[in-house]
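Reader: I've got a new model open. Can you walk me through the fold and the pockets?

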Amino acid sequence: MTSAAVPTRLNIPNLLTWARVIAIPMLVVVFYLPIEPTTRNLVATIVFVLAGITDWLDGWLARRLGQMTPFGAFLDPVADKLLVCAALVVLVSLARVESVIAMVIIGREITISALREWMALMGQSSSVAVQGIGKLKTAAQMTAIPLLLYDGRLLGFESRMPGQVLIVVATVLTVWSMFYYLRKAWPHLRNSERSL
């Protein structure tokens, strides 16, 4: 290991990504603290929203500062998926999200992650690059989760109902985007089987 290898892992974008990883146990632990339920909901929402902001900020800073690294490219999507999965598990335990919805979303994340890794091994990463439908899914998901974590009155309305509507929308887009990526990757996967 060279002396330059360590600092690249500790640059500002990567530190922000690590902060998102650290936020995951915080998001879970807050629901076990002996505090008022509304306070727990608020703290969990703030933790999730701040972690979500770091997702945008670390990528922007990496490009702005010229600090894009292979380690950051690996850790960033892992942190995102772990954060979403942890939040969904918490919401299922609180009966704010149906378990089937969490299973579909988490299952899709695992499937697409495995697909991207496989396609990268074949040098076809661009075939499963993030598309518009994936961004729509992420937007719906990242709006729904804090609304469901908050679970109270917000700007004059109860946040659970729009949160549940959006998480259903995110689930539909999740399935749609999964089949979209699988269809894009299928010719390459079929050709790889023929070459074995």
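**Fold and largest pocket**

Author: Residues 24 or more positions apart make up 73% of the protein's contacts with a separation of 6 or more. This is a predicted model, by the way.

Reader: OK. How many helices and strands are in the protein?

Author: The count is 7 helices and 2 strands. Along the sequence the pattern reads α-α-α-α-α-α-β-β-α.

Reader: And what percentage of the residues is buried?

Author: Of the 196 residues in the protein, 39% are buried.

Reader: What about the accessible surface?

Author: The protein's accessible surface is about 11200 Å². Carbon and sulfur atoms hold 71% of that surface.

Reader: Which elements give two or more residues to its lining?

Author: Those are α2 (12-29), α3 (37-64), α4 (70-93), α5 (99-121) and α6 (132-150).

Reader: Which one gives the largest share?

Author: α4 does, with 12 residues of the lining.

Reader: How many residues line the pocket, and which lie nearest its centre?

Author: The lining has 43 residues. Nearest the centre are Asp 55, Asp 76, Pro 77, Asp 80 and Lys 81.

Reader: How does the lining divide into nonpolar, polar and charged?

Author: The lining of the largest pocket has 20 nonpolar residues, 11 polar and 12 charged.

Notes
Residues numbered from 1 in each chain as written. Predicted model: local features only at pLDDT ≥ 70, side-chain atom pairs only at ≥ 80, totals over all residues. Heavy atoms only, no water. 1 Å grid on protein atoms, 1.4 Å probe; cavity = no way out; pocket = protein on both sides within 12 Å on 5 of 7 lines; lining within 4 Å. Helix = DSSP H or I, 4+ residues; strand = E, 2+ residues; numbered from the N terminus. Nonpolar A, V, L, I, M, F, W, Y, C, P; charged D, E, K, R; others polar. Buried < 20%, exposed > 50% of the residue type's maximum accessible area, 1.4 Å probe, protein only. Contact = heavy atoms within 4.5 Å. Areas by Shrake-Rupley, 256 points an atom, 1.4 Å probe, with all protein chains shown as cover.
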